[in-house]
Amino acid sequence: LIQKPSKLNEFSEESLQKSFDQMSAGYEEQYIEAGFPPKICSTIINKLDTSDNKLKVNILDIGCGKGYLGLYLKEEGYLRTTGMDCSNNLLELAKDKNSYH
């Protein structure tokens with residue numbers, strides 16, 4: 001359960017990070033229930049890409065979470081993907097996949 005600050009001025013960097021960390025704990029189950037969006041996004045990007053060389057395509061994965069989209073894109077040959085997320089814990093997990101540059 002996510003704890004909400006009782007006052008507006010209680011939105012500190014620390015309290016926000018704690019909230020992001022709490023939300024990130026259940027991401028994997030939510031993904032599975034939704035048909036695993038990272039795989040769906042990877043498939044869509046691959047179908048929409050009209051370039052002759054995947055190595056020249058730059059992709060920004062905003063809200064990269066644990067890095068699953070980056071992993072799928074890397075498997076498809078996209079090696080210029082950058083990941084961003086509000087949760088430091090999720091970014092650390094994404095880094096472990098070595099899918100982002």
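**Terms and values in a predicted model**

Guide: In helix H4 (residues 68-76), the buried residues are Tyr68, Leu69, Gly70, Tyr72 and Leu73, where buried means under 20% relative accessible area, exposed over 50% and partly exposed in between (1.4 Å probe, protein chains only). This is a predicted model, in which local features need pLDDT of at least 70 and side-chain atom pairs count only at pLDDT 80 or more, while totals for chains, interfaces and linings use all residues. Residues are numbered from 1 along each chain as its sequence is written, and side-chain values use heavy atoms, with hydrogens and water left out.

Visitor: What makes up the largest nonpolar core?

Guide: The largest nonpolar core consists of 5 residues, Val57, Ile59, Leu69, Leu73 and Tyr78; the term stands for a set of buried Ala, Val, Leu, Ile, Met, Phe, Trp, Tyr and Cys residues joined through side-chain atoms within 4.5 Å. Leaving aside neighbours within four places in sequence, Val57 is in contact (heavy atoms within 4.5 Å) with Asp49, Ser51, Tyr78 and Arg80. Over the protein chain, buried residues make up 27% of the 101 residues.

Visitor: Which secondary structure elements does the protein chain have, and in what pattern?

Guide: The protein chain has 5 helices and 2 strands, these being DSSP runs numbered from the N terminus (helices H or I, at least four residues; strands E, at least two). Along the sequence they follow the pattern α-α-α-β-α-β-α. Just after H4, Gly77 takes a positive phi of about 105°.

Visitor: What makes Lys95 and Glu92 a salt bridge?

Guide: The closest N and O atoms of Lys95 and Glu92 are 3.3 Å apart, and the rule asks for a side-chain nitrogen of Lys or Arg within 4 Å of a carboxyl oxygen of Asp or Glu, so the pair qualifies as a salt bridge. By this rule the count comes to 1 salt bridge. Both residues lie in helix H5 (residues 88-95), 3 residues apart, about one turn of the helix.

Visitor: Why is Lys95 called exposed, and how does Glu92 count?

Guide: Lys95 counts as exposed because its relative accessibility is 53%, while Glu92, at 46%, counts as partly exposed. The C-alpha atom of Glu92 is separated by 7.8 Å from that of Lys66, a residue 26 places away along the chain.

Visitor: What makes Ile40, Ile44 and Leu48 a patch?

Guide: Ile40, Ile44 and Leu48 form a nonpolar patch on the surface, under a rule that takes residues with over 30% relative accessible area and no salt bridge, and joins like charges within 9 Å and nonpolar side chains (Val, Leu, Ile, Met, Phe, Trp, Tyr) within 5 Å. Ile44, in helix H3 (residues 37-48), has a relative accessible area of 44% and is therefore partly exposed. Together the three have about 300 Å² of accessible area, computed by the Shrake-Rupley method with a 1.4 Å probe, where for residues only the protein chains shown count as cover.
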